[in-house]
Amino acid sequence: MRTLAVWCPDWPVVAASAEAALLPHVPAAVVRVNEVVACSAMARAEGVRRGQRKRTAESQCPELVVFDYDEVRDARLFEPVAAAVEELAPGIEVVRPGLVTVAAQGPVGYYGSPERAAERLVDHIAAQTGVEAQVGIADGLFAATLAAQRGLVVPPGGTGDFLAPLGIHELDPPAEHREDRAELVDLLRRLGLRTLGAFAGIPERDVASRFGRQAVLAHRMASGVIERPRVRRRPPAELTVTQTLDPPVERVDAAAFAAKALAERLHRVLADRGLACTRLGIQATTEHGEELRRVWRCADPLTPQGIADRVRWQLDGWLTRERLTAGIHLLQLDPEEIVDAGALQPGLWPGAGQDQGEAAERAARAMVHVQGLLGPDSVVTPVPQGGRGPVERIRLVPWGDERTPAADPAQPWPGRLPAPSPATVFAEPEPVALVDEAGADVVVTGYAELVVRPHRIVHGGQARQVVAWAGPWPVDERWWDDQHAVRAARLQVLGAAPNGEELAFLLIRAGGKWAVEGVYD
């Protein structure tokens, strides 16, 4: 299917700058988890790039204005752009803030040619919203998005040739923040597959047996094949869920509460039938009969949180940007496109296989329920990340959030603790005593050397005799930052209890005191 994509470059920073009324000549960037995810053209001219750490970007451009990443803001300010596109091309689908798609047949047929349709859309968006946009046309969503980023019209049937020379990194767009896709791209690079064409040249059967289901979907994208399984169907009417809001909603916080409840209802209705939603229609009716409608598209099945987020973003845009004469009193969610839940079901645990079963579904619901009772931080998933110490190398992410590391684990990290890692790592190092035969504290010199031999370690009220040790190794981090500088030494110690039981500890000495960071099994 020929797809027309409208893409707004650097949308997160465009939205943030517009909200803050920042002048166009001021360099700006948007930061997520201390990493630059979008930057303006002025910032790029000063050397700022996506993926840089915040401190590095600020050192490159001292005048840089930094904004925090905010999906709600991006969606709210994108609504006028989506509305402008819809004025000329009805039936649009919002893929994410900054990107909308529509079937190309309508606008191309009406304006006579793809080039004329693209020109008309770009001019209309600029006139209505003052936003710069680019248009691309190709076969399928993935190729159309890449074509829009280059302002190209790919001829029918030429999608494979268009994609072949592009870099393999195109499978992992920064705007989507997908950890699984980032890991796949990194693996493909290490295997020498640096272009989409090289990856597409591998038989799909071999990709499935070697890399798994997610890689098969990425392989189809790289090959120019439709990205989703061919099991889509139009949903029956009984899958639509509605809710009457009494009193009518006029505030964003009240709309968010209603969105969450309705999202859970829709997901429950679909899950009971073994279905998942990949395209969501959101319709709102005001007390005076005004009707608003928008369609959101997603490559992966929408979770309850994903549905609630998109409904909340859309209601936020309508309530703050549209000139409504009354509050919203009826909210309706239509699963515009559904697939079998098993066809795109993501793994419950990181690295899990495709066959999750009912037990995994019950576990996922239980986790969401616990979060509802105790808060989002009550259920977390450990995510490996870059760092030197054991605590730094694991990030705890609330269940349902993107499992993205705050620091790249693929970087060299000189001074990193070698494998194996401790089986038990304490969130905060626990005090411990390490003494010599005379009972005096074991001291480490400025050259990272022990003054005396360690004889006994006392942790948790239990004393153990030191039978072996390794180190110490100096820790000298962030020496350029007086406030966050770390100067310490690590030591591995094997202690034996009176009953002969041995236990290995990872110790750190900082500020003249010993503490235990982890315990080895």
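**View 1. Confidence along the protein chain.** pLDDT is the predictor's confidence in each residue, on a scale from 0 to 100. This is a predicted model, in which local features need a pLDDT of at least 70 and side-chain atom pairs count only at pLDDT 80 or more, while totals for chains, interfaces and linings use all residues. Residues are numbered from 1 along each chain as its sequence is written, and side-chain values use heavy atoms, with hydrogens and water left out. The protein chain has an average pLDDT of 82, and 89% of its residues score at least 70. Helices (H or I, at least four residues) and strands (E, at least two) are DSSP runs, numbered from the N terminus. Where pLDDT is low, the predicted coordinates should not be read in detail.

View 2. Look for Ser-17 in helix α1 (residues 11–19). Is this residue buried or exposed? Ser-17 counts as buried because its relative accessibility is 15%; buried means under 20% relative accessible area, exposed over 50%, and partly exposed in between (1.4 Å probe, protein chains only). Leaving aside residues up to four places away in sequence, Ser-17 touches Leu-22, Ala-28 and Phe-67.

**View 3. Aromatic pairs.** Searching the whole structure turns up three aromatic pairs. Rings of Phe, Tyr and Trp (its six-membered ring) pair if their centres lie within 6.5 Å; planes under 30 degrees apart count as stacked, over 60 as edge-to-face and the rest as tilted. One of the pairs joins Tyr-110 and Tyr-111 edge-to-face, at 4.9 Å centre to centre with 85 degrees between the planes. Tyr-110 is exposed, at 68% relative accessibility, whereas Tyr-111 is buried, at 19%. Trp-296 and Trp-313 form a tilted pair, because their ring centres are 5.8 Å apart and their planes lie at 55 degrees. This pair links distant parts of the chain, 17 residues apart: Trp-296 sits in strand β10 (residues 291–297) and Trp-313 in helix α14 (residues 304–321). Both Trp-296 and Trp-313 are buried.

**View 4. Two nonpolar cores.** A nonpolar core is a set of buried Ala, Val, Leu, Ile, Met, Phe, Trp, Tyr and Cys residues joined through side-chain atoms within 4.5 Å. The largest one has 60 residues, and Val-6, Leu-280, Val-311 and Leu-333 have the most contacts inside it. Helix α4 (residues 71–88) supplies the largest share of this core, nine residues. Beyond residues up to four places away in sequence, Leu-280 touches several others, including Trp-296, Val-311 and Leu-333. A second, separate core has 30 residues, among them Ala-148, Phe-162, Leu-188 and Met-221.

**View 5. Cysteines without disulfides.** How many disulfides does the structure hold? The count is zero, where a disulfide is a pair of cysteine sulfur atoms within 2.5 Å. The sulfur of Cys-39 is too far for a bond, because the closest cysteine sulfur, in Cys-61, is 9.9 Å away. Cys-39 is buried at 2% relative accessibility, and Cys-8 is buried with a relative accessible area of 2%.

Conventions:
Contact means heavy atoms within 4.5 Å.
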